[in-house]
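Student: I'd like to learn how to read a structure like this one, feature by feature. Could we start with a single residue and work outwards?

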Amino acid sequence: MDIKSFGQSLVQANTSQLLSQILSGAISLHASDIHLEPQEKDLRVRYRIDGVLQEVAKLPLSTYKNLLSRIKFQAKMGLNVNNEPQDGRFTQVISGRHFDFRCATLPLVYGENVVIRILEQEAKFYTLPELGFRKDIIEKLSAIAKRPQGMILNTGPTGCGKTTTLYAILAELNQPRVKIITLEDPIEYKLEGIAQSQIDEERGFGFAQALKGSLRSDPDIIMLGEIRDTETANIALQAALTGHLVLSTFHSLNAASTLVRLVEIGIHPYLLSGSINAVLAQRLVRKICTACRQQYKIDKMMANYLRTKLPQYRIPGTWYRGAGCAACSGTGYKGRSAIGELLIPTPEIEDLIIKKVSLSQVIIMAHQLEGLSLEQDGILKAISGITTLEEVFRVTRE
């Protein structure tokens, strides 16, 4: 489906059909989120496709009142509440597939902004190779995940695929003899054979409380949706030291800075020693559309920069990018692939953390010991023709 022609069909749709068309269009275009944004004179509709927002249509503001009421009704939100944020959800079958739609409203100057997250209930679970990680990262991560205790942290910004990667690891570990508990906010996908618990902060059931409770349920493996505070981090690290394998996510720029950030939020450095088995930092890069992929040459300045980043690799003369076509809605990209850097803490790195040295020193040591950075991994994907240099720089320099 082409975004431009779909946008024109939205403009012509009647009010009763509008929500159905917005939802089905988002699914057809493989969008992860729908943004409905009232402006001064119109309603802007945008989809997040492959991690990037794209404008689909501008609709008359007169259509928004009924559209908003329909969304609130289906998501079981207060119809008359328009001066405070609300959250809700509804399920719907579209083209024979079951979807969860998570809705969030936010009062703004010209009306309520709505964001709808799309989650398919029967979504396919990806393996680590299918996500696009390098072979050496997959081999090391798979071996580390088989250890009976310790912590694996996955770090990166919101929307970079951290939870999907943890699901891929859990799928490998899910065996009848193993008790796995996940603590999530929200539970994105149902995992057969795994005990999943929904975090509810408003009812006092936060990550720290859920983690304490889960430890009394005799788990072998715990997946903690996110480490947000010092209390949760301390409990998780203690669990990792006392016979549990703990998988979790954390927000930091790269693998090395994760260890420094944990110390900054109040974790004692000695607690990190021996408790963290690996830190994976990742991003998602858009893949070049194969229908319109074309060759081009880079200039000498860029070639010299790439040689400094990857001195052990040959920098090719021919590179690839998408010209833009109907298949990719003119973007030149279709689909996404993971890039990553894996840090396995060593005595040398742990010693630097205990001494509370600067982040730059930890990063230098980490790259000396563990190899490729996020940017270097991305450049290798560009060399292979999977993505573009522009896309690599976009996601690694945010």
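Tutor: Helices (H or I, at least four residues) and strands (E, at least two) are DSSP runs, numbered from the N terminus. One caution: this is a predicted model, where local features need pLDDT of at least 70 and side-chain atom pairs count only at pLDDT 80 or more, while totals for chains, interfaces and linings use all residues. Residues are numbered from 1 along each chain as its sequence is written, and side-chain values use heavy atoms, leaving out hydrogens and water.

Student: Is histidine 244 buried or exposed?

Tutor: Buried means under 20% relative accessible area, exposed over 50%, and partly exposed in between, with a 1.4 Å probe and protein chains only. Histidine 244 has 13% relative accessibility, so it counts as buried.

Student: Which residues is histidine 244 in contact with, leaving aside neighbours within four places in sequence?

Tutor: Contact means heavy atoms within 4.5 Å. On that basis histidine 244 touches Pro148, Gln149, Gly150, Leu215, Pro219, Asp220 and Ala239. Its side chain also reaches the backbone oxygen of alanine 239 at 3.2 Å.

Student: How do I read burial along a whole strand, say β11?

Tutor: In a regular strand the side chains alternate between the two faces of the sheet. For β11, both faces are covered: Leu245, Leu247 and Thr249 are buried on one side, and Val246, Ser248 and Phe250 on the other. Six of the six residues of β11 (residues 245-250) are buried, so the strand is largely enclosed by the rest of the structure.

Student: Which strands pair with β11?

Tutor: Two strands pair if DSSP finds at least two bridges between them. Strand β7 (residues 150-155) runs parallel to β11 over six bridges, with glycine 150 opposite leucine 245. Strand β10 (residues 221-224) is also parallel to β11, over four bridges, and there leucine 224 has serine 248 as its bridge partner. From β10 the chain passes through helix α8 (residues 230-241) to β11, a right-handed β-α-β crossover. Right-handed here means that, with the strands pointing away from the viewer, the path from the first strand over the helix to the second runs clockwise.

Student: What is the strand order in the open sheet of six strands?

Tutor: The order is β3-β2-β1-β6-β5-β4, with antiparallel pairing. β3 (52-60) and β4 (86-94) are the edge strands, each pairing on one side only. For angles, axes are lines fitted to C-alpha atoms, for helices over the stretch in contact, and angles run from 0 to 180 degrees between N-to-C directions. Neighbouring strands of this sheet are turned by 20 degrees against each other on average, direction ignored.

Student: And the link between β4 and β5?

Tutor: Nine bridges join β4 to strand β5 (residues 97-108), and the two run antiparallel. Isoleucine 94 has arginine 97 in β5 as its bridge partner. Helix α3 (residues 64-74) packs on the sheet, and its direction makes about 50 degrees with that of β6 (111-120).

Student: What should I look for in backbone angles?

Tutor: Most residues other than glycine have a negative phi. Serine 95 has a positive phi, near 55 degrees. Serine 95 lies in the loop between β4 and β5 and is exposed, with a relative accessible area of 70%. Serine 329 also has a positive phi, near 55 degrees, but is partly exposed at 22%.

Methods. A polar contact is a pair of N or O atoms within 3.5 Å; within protein, one must be able to donate a hydrogen and the other to accept it, and residues adjacent in sequence count only if both atoms are side-chain atoms.
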